[in-house]
Amino acid sequence: MKLDMHCEMILDEYRDRLPVLNKMKEVVLDILRRTLKENNMVVTAIEGRVKTEKSLTGKLELKGNKYHTIDDITDIVGVRIITFFSDEVDKIAALVEQMFEIDWDNSVDKRKMLEIDRFGYMSLHYICRIPKSLYEDPQQPLLNEMRFELQMRTALQHVWANMQHDTGYKSEVEIPMEHQRSLNRLAGILELADEQFSRIRKEINDYRRNVQSLVASGNFDEVPLNGDTFRSYCELHPFRRLAVKIATINQAELYEDSPMPYYKILLHLNMKTIGDVERMRTECSDGAYQLALIQLAGTGLDIVAYSVALQNLCIVKILKLGFGVAGLTSMFDAIYGESTYNAQRADRIYQQAVRANLV
Amino acid sequence: MDITIKNEGEKTFVTLNGRLDTTNADQFQADIQPLMTSPKPDIDIDCTGMTYTSSQGLRIFLSLQKSVLARGGKMVMLNMNPQVKEVFDITGFSNIIAIR
C-alpha cells in the first residue's frame with residue numbers, strides 16, 4: 001500500500017530525526033539503569049528500541065490520518081522495564097514519575113482497564129519527556145521535546161504479551177474467538193501466578209524479619225536452628241571474640257569469611273536451636289583457643305580466617321561428645337568432601353587435642 | 001619456587017614446585033600477574049611439588065582467587081602435600097580457597 005503525501009512527510013521527518021531518536025533511547029536507558037541501581041532495584045530486563053522504518057510505515061498505513069505530525073506518534077522510542085514481581089511495577093512507576101515529565105493524558109494503566117471478569121494484557125504505559133534537569137544537550141533540543149513510551153510489566157505479563165504478539169495478529173479483535181479465549185484464560189493463570197509470587201516473597205520477608213528480631217532479642221533457646229536463623233545469628237558476630245583471640249597468637253590479620261559452611265556440621269551435631277550453638281560457643285571456646293595455640297604458635301603464619309573460630313569450636317565439641325577421630329573425619333568429609341587426607345588430619349588433630357588435655 | 005604456566009584451550013594449568021616464602025613471594029606475585037587479567041579464567045594449580053607456603057603465599061592465593069571469581073572464572077588448587085594442606089587447615093584457608 002502506498003502512503004499518501006502527508007504520511008510520506010512524517011516518514012521523511014522520521015529519517016531526519018533518527019540520530020536524535022537513537023540518542024534519546026540511549027539517554028533514557030542510561031538514566032533508568034542508573035536510577036534503579038541507586039535504589040537497589042533488581043529487574044529482569046530493561047530494553048529499548050527505536051521503531052524501524054518498516055514498522056512506522058505499517059503504522060502509518062493503518063492509521064496515518066490520526067497523526068498531524070510525527071510528534072503525535074508517541075511510541076517511536078519505546079523503552080520497557082520488566083520486573084520479577086507485580087508490586088515492583090508500582091514502585092518503579094513511582095520512581096519514573098519523579099524522574100520524567102509524564103504526559104498523563106496519553107498514559108494508560110492497562111492493568112486497570114480490564115473488567116473484573118476479564119483477563120488479558122496487563123501493563124503500565126507512560127508517555128514521557130526527558131526534563132532538562134535530567135539531561136540536556138543544547139545541540140539537540142528535540143531530546144527534551146519529543147515524547148517516548150515507557151512500558152512497565154512483570155516477566156509473566158511480558159511472556160503473555162509476547163505470546164499473543166507471536167500469533168501474528170496485530171489486534172486481539174482479529175484473533176478467532178476460541179483462541180482469544182484460550183489466551184485470556186492463560187492471562188488469568190499468569191495473573192494468579194504473579195500474585196502468588198508476590199505473596200510468597202512477602203511471607204518470606206516477614207518470616208526473615210521475625211527471625212532477625214527473635215535472634216536480636218537474645219532468646220536463643222526459642223529460636224530454631226535453620227539456615228536463616230543461623231545467618232541472622234552470625235550477623236551478631238558471635239565468634240569474633242574467639243577469632244580475635246586466635247589471631248593474637250601470631251599478631252595475625254583476621255580475614256573475614258563466612259562461617260556458613262559449618263551450619264551443616266551443627267545439624268550433624270544434632271543442634272536444634274540457636275541456644276545450642278550459643279552453649280557450644282561458651283563451653284568450647286577455651287578448648288578451641290588451646291587447639292589453635294598448639295597449631296599456630298611458632299608457625300609465623302600471620303593471617304587467619306574468621307571461620308577458624310567456628311571450625312575449632314566444632315572440633316572441640318565433637319571431641320567432648322566422644323566421637324573421636326571418626327567424628328572429626330566425618331566433619332571434614334562433610335565440609336570438604338571425602339578424601340583419605342581427612343582421616344590423617346583428624347588423627348593429627350586428635351593427637352594435638354590430647355596434648356592440650358581436651359580429651 | 002618454580003612456576004610454570006600453560007594455556008590449553010580455555011584452561012590454564014599452573015604448576016608449582018618448591019617453597020613459597022618471603023624470599024620469593026614478590027617474584028611469585030609478578031609471575032602470576034598474567035592470570036590477574038585474563039577474562040573468565042579457568043585455572044588449575046597443581047601443588048604436587050610445592051613443599052611449603054608462608055602467609056604471604058596464602059595472601060597471594062587469596063587475591064588470585066578473588067580476582068578470578070570477580071571475573072566470573074574459577075580456580076582450584078590440586079594435589080597439596082599434607083604439610084602445605086595443614087597450613088591451609090590451621091589458618092582456616094581450607095574454608096576459603098577451593099582445594100581438591
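pLDDT is the predictor's confidence in each residue, on a scale from 0 to 100. In chain B its mean is 94, with 100% of residues at 70 or more. The complex as a whole gets an ipTM of 0.93 and a pTM of 0.68 from the predictor.

This is a predicted model, where local features need pLDDT of at least 70, side-chain atom pairs count only at pLDDT 80 or more, and totals for chains, interfaces and linings use all residues. Residues are numbered from 1 along each chain as its sequence is written, while chains are lettered from A and ligands numbered from 1 in the order in which they are written.

View 1. After α10(A) comes A:G298, with a positive phi near 85°.

**View 2. A:A288 and its contacts.** Beyond its neighbours within four places in sequence, A:A288 is in contact (C-beta atoms, placed from the backbone, within 7 Å) with A:L242, A:A309, A:N312, A:L313 and A:V316.

**View 3. A:L225 in its loop.** A:L225 sits between α6 (177-217) and α7 (227-234) of chain A. Why does A:L225 count as buried? Because 20 other C-beta atoms lie within 10 Å, and 20 or more is the cut-off for buried. Its C-alpha is 7.2 Å from that of A:M271, 46 residues apart along the chain.

Conventions
Contact = placed C-beta atoms within 7 Å. Helix = DSSP H or I, 4+ residues; strand = E, 2+ residues; numbered from the N terminus. Buried ≥ 20, exposed ≤ 12 C-beta atoms within 10 Å, placed from the backbone.
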